[in-house]
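Subject: Structure for you to look at

Hello,

Here is the structure I said I would pass on. Please open it beside this email and follow the notes below.

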Amino acid sequence: MKVLVTGAKGFIAKHLIWQLKNNNVEIYEFTKDMDENILDEFTKDCEFIFHLAGVNRPKNDEEFYIGNTGFTKILLKKLSDNKNNAPILFTSSIQAEKDNPYGISKRQCENLIFKYGKEKDIKTFVYRLQNAFGKWCKPNYNSVIATFCNNISRNLDIKVNNPDTVLNLVYIDDIVEEFINALNFNENRVGEFCKVPVSYEVTLGKIEKLIRSFKESRNNLQIPNMNNQFEKNLYSTYLSYIPENEFSYPLKMNVDERGSFTEFLKTEERGQVSVNISKRGITKGNHWHNTKNEKFLVVKGDGLIQFRDINKDEIIEYHVSGDKLEVVDIPPGYTHNIINTGEDDLITVMWANEIFNPEKPDTYYMKV
């Protein structure tokens with residue numbers, strides 16, 4: 001299938017083009033700096049048009065009508081001249097409901113496409129998109145999320161005029177998924193228009209608070225709530241704006257003669273993950289918990305994990321090795337330890353069902 005994408009260097013177009021490539025679709029990419037003769041060639045045999053080109057931050061209002069209304073007229077004429085009845089998907093804006101120059105130009109484009117579709121009996125898909133966010137969006141331009149992510153990650157100032165302002169947001173992956181559905185004539189249609197089915201209403205203050213918490217997560221090791229889809233998408237977006245020389249960050253290693261213990265990740269809902277390194281012959285643990293429980297996974301070395309029900313004398317033993325990955329559950333009520341029985345360091349990934357609270361550690365010393 002041959003697909004034409006106008007505005008091919010734009011935020012939405014870049015994501016769409018990569019997904020089309022993933023689906024082995026042949027793509028004609030048209031950008032504003034190309035000659036119109038190229039557009040003439042593309043419109044001869046394309047089988048679907050994603051009309052994503054548009055002007056939204058011009059030097060003067062006249063450019064709205066040249067870049068939006070004017071270019072749409074050119075595109076439709078070339079399709080008509082080439083007798084190409086391919087379906088057309090157009091990205092409009094919720095601003096089309098307003099009488100500002102940008103909104104008027106977008107509404108004019110909508111009307112042109114609706115009229116063309118009826119005259120030619122062509123299927124059309126018109127999306128009045130809300131505020132889109134995701135990776136690759138230009139900061140300090142027309143996306144508050146891109147600006148906040150970029151500036152907060154770089155310790156730059158941001159401006160919040162009214163934190164109670166509510167934004168209607170759509171995530172780029174949801175947009176692309178809906179556009180691919182439209183390509184397959186499985187669009188989400190609401191009356192005359194089409195709509196991305198997933199959207200979020202979030203205050204500006206909430207967005208700022210979340211993004212600042214993402215930055216702080218490198219210090220407190222708390223990862224966001226991945227069960228909240230907006231928070232999950234926003235965190236993915238934030239990570240894409242981190243400076244390339246700051247992808248890594250150090251962890252606090254608690255080191256002594258026995259080895260080290262390092263906390264890696266913490267979550268209020270799912271507990272915490274740590275990495276434990278034991279030197280040769282070292283025993284760690286010899287304690288028990290009332291409610292806290294853990295999972296041990298040895299990833300390097302050889303060791304022995306010992307258990308004893310605190311009400312009994314019998315010792316239970318599990319031999320563990322990085323050569324055979326297996327998880328050992330640490331139930332409450334059992335005192336337990338882990339012994340490095342090998343020649344090399346014993347490295348264990350440890351998960352606990354709760355974040356360590358020094359005021360309520362739920363940890364009691366008792367030899368196995």
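G285 stands opposite N337 in β19. That places G285 in the topic of strand pairing, where two strands pair if DSSP finds at least two bridges between them. Strand β14 (residues 283–288) and β19 are paired in the antiparallel sense, over four bridges. Strand β16 (residues 302–309) also runs antiparallel to β19, and seven bridges join β16 to β19. In that pairing, F307 stands opposite H336 in β19. Strand β19 itself (residues 334–340) is mostly covered, with six of its seven residues buried. Buried means under 20% relative accessible area, exposed over 50%, and partly exposed in between, with a 1.4 Å probe and protein chains only.

The model is predicted: local features need pLDDT of at least 70 and side-chain atom pairs count only at pLDDT 80 or more, while totals for chains, interfaces and linings use all residues. Residues are numbered from 1 along each chain as its sequence is written, and side-chain values use heavy atoms, with hydrogens and water left out. Helices (H or I, at least four residues) and strands (E, at least two) are DSSP runs, numbered from the N terminus.

Next, an open sheet. Three strands form it in the order β6-β7-β10, with mixed pairing. Its edge strands, β6 (131–133) and β10 (200–203), each pair on one side only. β6 and β7 (residues 166–171) pair in the parallel sense over three bridges, and F133 stands opposite Y171 in β7.

Then the helices. Which residues of α2 (residues 36–45) are buried? They are L39, F42 and T43. Seen down the axis of α2, the buried residues fall within an arc of 95°, so they line one face of the helix; the arc is that of the directions from the helix axis to the C-beta atoms. An α-helix has 3.6 residues a turn, so residues three or four places apart point the same way. The cover over the buried residues of α2 includes β1 (2–6), β2 (26–30) and α3 (62–81), where contact means heavy atoms within 4.5 Å.

Helix α5 (residues 144–153) also meets helix α7 (residues 204–220), among others through V144, I145 and F148 in α5 and L204, I207 and E208 in α7. By class, this contact has eight nonpolar, one polar and three charged residues. Ala, Val, Leu, Ile, Met, Phe, Trp, Tyr, Cys and Pro count as nonpolar, Asp, Glu, Lys and Arg as charged, and the others, Gly among them, as polar.

Regards
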